[in-house]
Amino acid sequence: MKLNLLTVCTDWYPLEYANKLVNRLNEVSQYDISNYCITDRDIQFAEPIKPKLPPGSGWWNKTQLFDINGPSGWNLYMDIDIVIIKEFDHVIDHVMREDKRDTITCVSDAIGWMDNKFSSSWMMFYRGAGADIPTTFMTDSNNIMKQPGGDQVWIGKTMQPKIEYIDDTFPHLKKNLKYDLGSKIFAPLSSTHPVRLPGSKWQFPTVLDKRVSLVDCGGKPKPHDLEQLDYIKRNWHDVRI
């Protein structure tokens, strides 16, 4: 089965992040994956797609993912600071079987940012779903980018009600490192949260629930800061680029 992996790597993110995500998914998945990356730099690990937005636009470049002229068929998008712990082909299989081609399948936001359940960190969609997103955005991008909540809130509101939440069916697909797995540093160290990073406000478990496929390292700390966590080291630091 064929699948397109889409990533966005612009502004300050190192290409290493996109490269590791691409290589790791190809290591664990049985799908025939074609790799595409919206980036302003020269790359070899994926087919580059030139951003339509100026430098500094950050995650607003995600609006381009839904371009009707984008890669055909089924598309999987993941934020490049997600660490792939193990395969999740059964989740991809499920979305394809459901075959809701006018819908974006996504995960729920870990903190319900601005009362918004939609998270753009992990999305699956068939080309054509959300086709109005890039056209609407480009006609009024200056004003839209000023709206509170950023790209995620705007895309979520724009796509309603054509959204499916995959964690309703697969609650352990993706966990946020801080908000799902970690605890604030003022909490006492415990057997489940024994790792405290220097200068960090968070502490993290050394052992990960075996049901979890993806660890989302959105915000800080990023994967390159987390080598002391074995599940990050093995599945990010040790991944070839």
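## A salt bridge within one helix

The side chains of Arg234 and Asp230 meet in a salt bridge, with N and O 2.5 Å apart. Here, a salt bridge is a side-chain nitrogen of Lys or Arg within 4 Å of a carboxyl oxygen of Asp or Glu. Arg234 and Asp230 are four residues apart in helix α7 (residues 230–237), so about one helical turn separates them. Arg234 counts as partly exposed at 46% relative accessibility, and Asp230 counts as partly exposed at 40%. For these words, buried means under 20% relative accessible area, exposed means over 50%, and partly exposed is in between (1.4 Å probe, protein chains only).

Before going on, please note that this is a predicted model, where local features need pLDDT of at least 70 and side-chain atom pairs count only at pLDDT 80 or more, while totals for chains, interfaces and linings use all residues. Residues are numbered from 1 along each chain as its sequence is written, and side-chain values use heavy atoms, with hydrogens and water left out.

## Salt bridges across the chain

By the salt bridge rule, the count comes to 15. One of them pairs Lys62 with Asp79, whose closest N and O atoms are 2.9 Å apart. Lys62 sits in the loop between β3 (47–49) and β4 (74–78), and Asp79 in the loop between β4 and β5 (82–84), so this pair links distant parts of the chain, 17 residues apart. In these names, helices (H or I, at least four residues) and strands (E, at least two) are DSSP runs, numbered from the N terminus. Both Lys62 and Asp79 are buried.

Glu164 and Lys100 form another salt bridge, with 3.1 Å between the closest N and O atoms. Glu164 lies in strand β8 (residues 163–165) and Lys100 in the loop between α2 (89–98) and β6 (104–108), so the pair ties together parts that are 64 residues apart in sequence. Glu164 is partly exposed, with a relative accessible area of 34%, and Lys100 is partly exposed too, at 33%. Salt bridges that share partners join Glu98, Lys100 and Glu164 into one network.

## The nonpolar cores

Which residues touch the most other members of the largest nonpolar core? They are Leu76, Met78, Phe88 and Trp122, in a core of 49 residues. A nonpolar core is a set of buried Ala, Val, Leu, Ile, Met, Phe, Trp, Tyr and Cys residues joined through side-chain atoms within 4.5 Å. Helix α1 (residues 15–28) gives the most to this core, with six residues.

Leaving aside residues up to four places away in sequence, Trp122 touches a list of residues that includes Leu76, Met78, Phe88, Val91, Ile166 and Leu214. Contact here means heavy atoms within 4.5 Å. A second, separate core has 22 residues, among them Ile38, Tyr77, Ile104 and Met123.

## The largest pocket

Rolling a probe the size of a water molecule over the atoms shows where empty space is left. The largest pocket holds about 610 Å³ of space. Of the 26 residues that line this pocket, Asp79, Asp109, Gln152, Gly218 and Gly219 are the closest to its centre. On a 1 Å grid over the protein atoms alone, a cavity is a set of points where a 1.4 Å probe fits but cannot get out, and a pocket is an open set with protein on both sides within 12 Å along at least five of seven lines; lining residues have an atom within 4 Å of a point. Grid points are joined across faces, edges and corners, and a volume is the space filled by probe spheres set on the points.

By class, the pocket lining has eight nonpolar, nine polar and nine charged residues. Ala, Val, Leu, Ile, Met, Phe, Trp, Tyr, Cys and Pro count as nonpolar, Asp, Glu, Lys and Arg as charged, and the others, Gly among them, as polar. At least two lining residues come from each of β7 (118–126), α5 (150–159), β9 (174–176) and α6 (177–181).

## One cavity

How many cavities of 30 Å³ or more does a search of the whole structure find? The search finds one. The lining of the largest cavity includes Leu65, Phe66, Asp67, Phe125 and Arg127.

## Backbone details

A cis peptide bond, with omega about 5 degrees, joins Gln160 and Pro161. Pro161 lies in the loop between α5 and β8. Met114 has a phi near 55 degrees, a positive value in a residue other than glycine.
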